[in-house]
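Dear colleague,

Please find the structure below, together with a short account of what was found in it.

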Amino acid sequence: MSLQALAEVIKERLGTLAKEVRIAKGHVEIVTEGGRLTEAARALKEMGFDHVKSVTAVDYPKEGKIRVTYHVSSYLKEDLSKYIVGLSVDVPRDNPIVETLVPLWNSAEFFEREVFEFFGVHFKGHPDLRPLLLIPELAEKRVLRKDFVVREEGIYEGVPHEYK
Amino acid sequence: MGAGVGCPREGKVYAGNLNVAAKRAREILYGKLKLGEVVDWATTFSLWPVHLMTSCCGAEFAATWSPRFDAEQYGALPWISPRQTNFIIIEGTVTRKMACALRVTYEQMVHPKFVIAMGACALDGGLFYNSYNVVKPWEVVPVDIYIAGCPPPPEALAKAILDLRKKIREKKMASRWLTEGWREDREYLVPKEDVCRWWRP
């Protein structure tokens, strides 16, 4: 199955669930609307996409939205395992809530925790939504959002002089 | 047939004879070195690093103890438990969560103990300069030797161990530590409450 054919199949299968299906660089990109993410994910799972490779998010401060993307692929179906499908959903920036996909794909659990701590996206129904990599006070600052200001260091702050 | 029967070296201890070794050491050292200097000399041959792999420099650490570079010839044997080691190599970036683990591991090691900070990240952040989640290792533990490079080659790490041995003998680090209990010039920069403040049991 070629990438073109896969996009056609997905477009046919999802129908109105997908706002947009297009071929990006080497993978198929699907954009859905807020309430239809779970249905679209279920349809993809019935097609044979059985795991999430990564969950990521992009911050668009000017448009006031955050785009959460699930990259899914397949282990068991050989013709699908060559491709990656990105399933995206746009959420408002001030109140980002996404329905969790952990009941469908178990491997999304830790990725969703990461997106939660870096972008502040809340996943409704997630079994254990705690910060994963950052310390709690850093996680509250939502460090990968565009408006987070990184502390600037000088060119060389220096190492304490050699102890004698 | 019993073990050793017919063997020409029957009756000898193959692993080394302690009495003979002690006698030879006495011949070499007696009247030439002070007791503290003997302690320093002996410590340089027993630097056992604990394996705390914080980042990708751990691959170079592994290569240094491979047969090709063989850092064990300097008396350094990588060991698992911090309780039986006296030497720690910070292998790369130290994140805020790992800083606490680093401090706890360092505090568990026996005196006298030494630290080598390895790689550009351990110097001043390196690739992760200006990051919100990286701490400099010298804020967490007192560092003796720094190695530059991203990552440093195994030869550089072997050279750093040799430099550390030289430093221990020249500055009498081990013996001074043992007589004074704790070296004042090796005070921690940041108290433990700050390093581990995120940790709530």
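Predicted model: local features only at pLDDT ≥ 70, side-chain atom pairs only at ≥ 80, totals over all residues.

**Strand pairing in chain A**

Residues are numbered from 1 along each chain as its sequence is written, and chains are lettered from A and ligands numbered from 1 in the order in which they are written.

Strand 1 (residues 18-23) and strand 2 (residues 28-32) of chain A pair in the antiparallel sense over five bridges; strands pair if DSSP finds at least two bridges between them. Helices (H or I, at least four residues) and strands (E, at least two) are DSSP runs, numbered from the N terminus. The two strands form a hairpin with four residues between them, and G26(A) in the turn has a positive phi of about 80°.

The open sheet of five strands in chain A has mixed pairing and the order 1-2-5-4-3. Strand 1 and strand 3 (51-60) of chain A stand at the edges with a single partner strand each, so one side of each is left without a neighbour in the sheet.

Helix 1 (residues 3-14) of chain A packs on the sheet, touching strand 1, strand 2 and strand 5 (85-92) of chain A. Contact here requires C-beta atoms, placed from the backbone, to lie within 7 Å.

How values were computed. Contact = placed C-beta atoms within 7 Å. Axes fitted to C-alpha atoms, helices over the stretch in contact; angles between N-to-C directions.
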